[in-house]
Amino acid sequence: MARIDSCYNIADLREVARRRLPRGVFQYMDLGTEDMVALRNNRAFIEQTKLLNQVLVDVSAIDTSTEIFGKPTSLPMAIAPTGIAGLAWYEGELELAKAAAKAGVPFTLATGSNTAMEKIAGEAGGRLWFQLYMWRQKELSYEVVKRAKAAGFEALIWTVDIGLGANREHNKRNGFNTPYKMNLKSAIDMMTHPEWMMSVMGRYMMNDGMPRHANYPPQFQRKITGKASQSKALRADQVSFDDIDRLRDIWPGKLIIKGIMRPDDAQKAVERGVDGIVVSNHGGRNMDSAPSTLEVLPGIVRAVGGRATVIVDSGVRRGSDLVKCLALGAKLALTGRATLYGIGAGGQAGAEKALAILKDELRRTMSYVGRSRIGDIDGDVLWRGDRSN
Ligand SMILES: Cc1cc2nc3c(=O)[nH]c(=O)nc-3n(C[C@H](O)[C@H](O)[C@H](O)COP(=O)(O)O)c2cc1C
């Protein structure tokens, strides 16, 4: 794939995806919410976080592998849940999961994705995690959890930072909301991207018809143009820390809570016995006034005090960003857009390219800061403004 071969960084993959995808699909993937403040905050803090060279250290045998929940991973990262890969590429979730398995990192399937979890479990290989929303009608969520358990998923990530839902005005303008509503603008948008029309929508139409929410309970598995997401039963606005106990009763695997931004919330989750916490502002897609996740990470790591695994996401675009996440106390980072751009640019090959780029950049950064092993990356690699650190 010539276009992928000439991509040297995640921004290049983003540009290929931007040209290939209809504007509505690309903006859904790429943008944040409202005024895009949280999106910018995430990147700004990462860019302001600086690393110090440590020189004259033997870095000839750098090892980027580590372990997460007692099992190996080739990089200190996993793929975040994103319910869009299946519109960027035909069965894009499967392509992304295969790329993750090949690269040796865990993949998380989102509740809202278009490919059925059983198909992913049967065909992708690798380590598979499943993301959940806790709906108002909780039995419906429990059904999904039981399905994920039967399909053999290793970990369950419960996402808790959605409130009453996102106010993404760009999606409303271009019709790319849930349910998807075609208007003249979005029809022209799609028609002017014939390769995407044929290779993504055309293939869905030839096989199962319009993409659907294949992981929803059967009565809500309508097409993405349907009204399932507007159902009161599927609102996620009646939740509490007690729900962790309910999930524990039915989920025997690792339980992770995603969307924590406060030390006191982290503490409450840890007291309920979660295995992991994802410090996340949903990639700047939900509350636009959120601080960056790396800014709040150290306080949360202190509050957790080693009682659960702390994971972070929102803004990772370079291998050096992974070093910063670890230096600020995370065990692992998730990538949402960085790997999605790869899918949007070229399916599995594009996602593999994204992961290869991140790995190469990570290795180089480890060589600059003089650390050959992931476990050796700590706060000492950070520039703290005076040179007494
Ligand atoms: C297009 C898109 C769709 C997403 N869908 C979900 C989702 O269904 N469930 C979820 O927990 N998070 C979802 N997220 C958030 C990601 O899991 C993750 O928190 C975020 O993308 C991290 O920021 P980054 O994109 O800067 O890496 C989505 C993110 C994107 C970009």
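A charge sits over a ring if NZ of Lys or CZ of Arg is within 6 Å of the ring centre and within 35 degrees of the ring normal. To see one, select R285 and Y28: the charged end of R285 sits over the Y28 ring, 4.9 Å from its centre.

A quick note before moving on: this is a predicted model, where local features need pLDDT of at least 70, side-chain atom pairs count only at pLDDT 80 or more, and totals for chains, interfaces and linings use all residues. Residues are numbered from 1 along each chain as its sequence is written, and side-chain values use heavy atoms, with hydrogens and water left out.

Next, pick strand β10, residues 332-335 (strands are DSSP runs of E, at least two residues, numbered from the N terminus). L332 and L334 point one way, A333 and T335 the other, and all are buried, meaning under 20% relative accessible area with a 1.4 Å probe, protein chains only.

Strands pair if DSSP finds at least two bridges between them. On show here:

- β3 (residues 77-79) pairs with β10 in the parallel sense over three bridges; look for I79, whose bridge partner in β10 is T335.
- β9 (residues 309-312) runs parallel to β10, joined by two bridges; V312 has A333 as its bridge partner.

Finally, select helix α15, residues 319-327 (helices are DSSP runs of H or I, at least four residues). β9, α15 and β10 make a right-handed β-α-β unit: with the strands pointing away from the viewer, the path from the first strand over the helix to the second runs clockwise.

Note on methods
Buried < 20%, exposed > 50% of the residue type's maximum accessible area, 1.4 Å probe, protein only.
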